[in-house]
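Here is a short briefing to read alongside the model. Have the viewer open, and take the points in any order you like.

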Amino acid sequence: MAATIEERVSGAVDAWLRWVPRWSPGSHRGRARLCARCTGSPFLTAAGLTRDVPHQVTHALVSRLQRIIDRRVEEFTEAQLPALHAELTQDEMWRSGGYDPAAGLAPEYEGLDPDPEPGDAEQPFLFTLSGLAETARPEPPLPRPPLSAAEKQQLRDEIARADAHAEECGRAVCFALLAHRDRIVAAIDRFVEPQIRAMLDELSEGLEPPS
C-alpha cells in the first residue's frame, strides 16, 4: 500500500532532522538571486519558519516536501492522465539521453543553479555545467503528427487536472507539516541559531575599533 501524505511528510521531516546537525555556515554558498522554490513557500509558514533562517536550511526542507508532491502527481498522472503521461514520458526519454548536472542531487541542492553566479563579466567561466548539458543534449526526436483538436483539448484538460491535484497535495502537505512544527523549530534553535550567533559575534568583534 502506498504511503499516505502524512507518512511521507513525517519521513521527510525525519530525514531533514538528521541532516540539520551537519549544516554549517561554511558549507553554505551565498546567493544574490531569489530561490523560486523557497520564496513565498507556504511550507515555511506551516513549518513555523517565519523568522530569518539560512536559505540552505530551509531549502533542504522545502525540497524534501516538494518531492512528495512531485511523486504524488507522477502517480496520479500515470494512473489517470494517459495523454499527459505519454507526453511527459516521451519528453523524459529524450532528455535522459544527455548529461544532466542536476540528476541525483541531494535534496538540499535540488532546484538550485548548478553553476556559481558569475562574478566578473569580463572574465567569464571557461565552461559551465549548464553549458555542458546543452552541448550533450541529444538530437530532438522526429516530429510527431500534429494533435487533433480533440487530443489538444484532452491534453489541456489533463494538465488542468494535474495542476489541481498538485495544489490539493500541497495543501495536504502543509496540514501534515503542522504536526511537526515543534520538532522543526527546536532543531533550528539547537543546531542553527548558535552557529549564526557565533558568526555574528565574530563579525561584530572584527568591526569594533581597537581600544
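Glu193 sits in helix 7, which spans residues 181–207; helices (H or I, at least four residues) and strands (E, at least two) are DSSP runs, numbered from the N terminus. This is a predicted model, in which local features need pLDDT of at least 70, side-chain atom pairs count only at pLDDT 80 or more, and totals for chains, interfaces and linings use all residues. Residues are numbered from 1 along each chain as its sequence is written, and side-chain values use heavy atoms, with hydrogens and water left out.

**Glu193**
- Glu193 counts as buried because its relative accessible area is 16%, where buried means under 20%, exposed over 50% and partly exposed in between (1.4 Å probe, protein chains only).
- Apart from neighbours within four places in sequence, Glu193 is in contact (heavy atoms within 4.5 Å) with Arg51, Asp52 and Ile188.

**Val53**
- Val53 lies in the loop between helix 2 (42–46) and helix 3 (55–80).
- With a relative accessibility of 14%, Val53 is buried.
- Setting aside neighbours within four places in sequence, Val53 has contacts with Thr58 and Ile188.
- The C-alpha atoms of Val53 and Val192 are 8.1 Å apart in space, while the two residues are 139 apart in sequence.

**The whole chain**
- The chain has seven helices and zero strands, giving the pattern α-α-α-α-α-α-α along the sequence.
- Of its 211 residues, 28% count as buried.
- Among contacts in the chain with a separation of 6 or more, 84% come from residues 24 or more positions apart.
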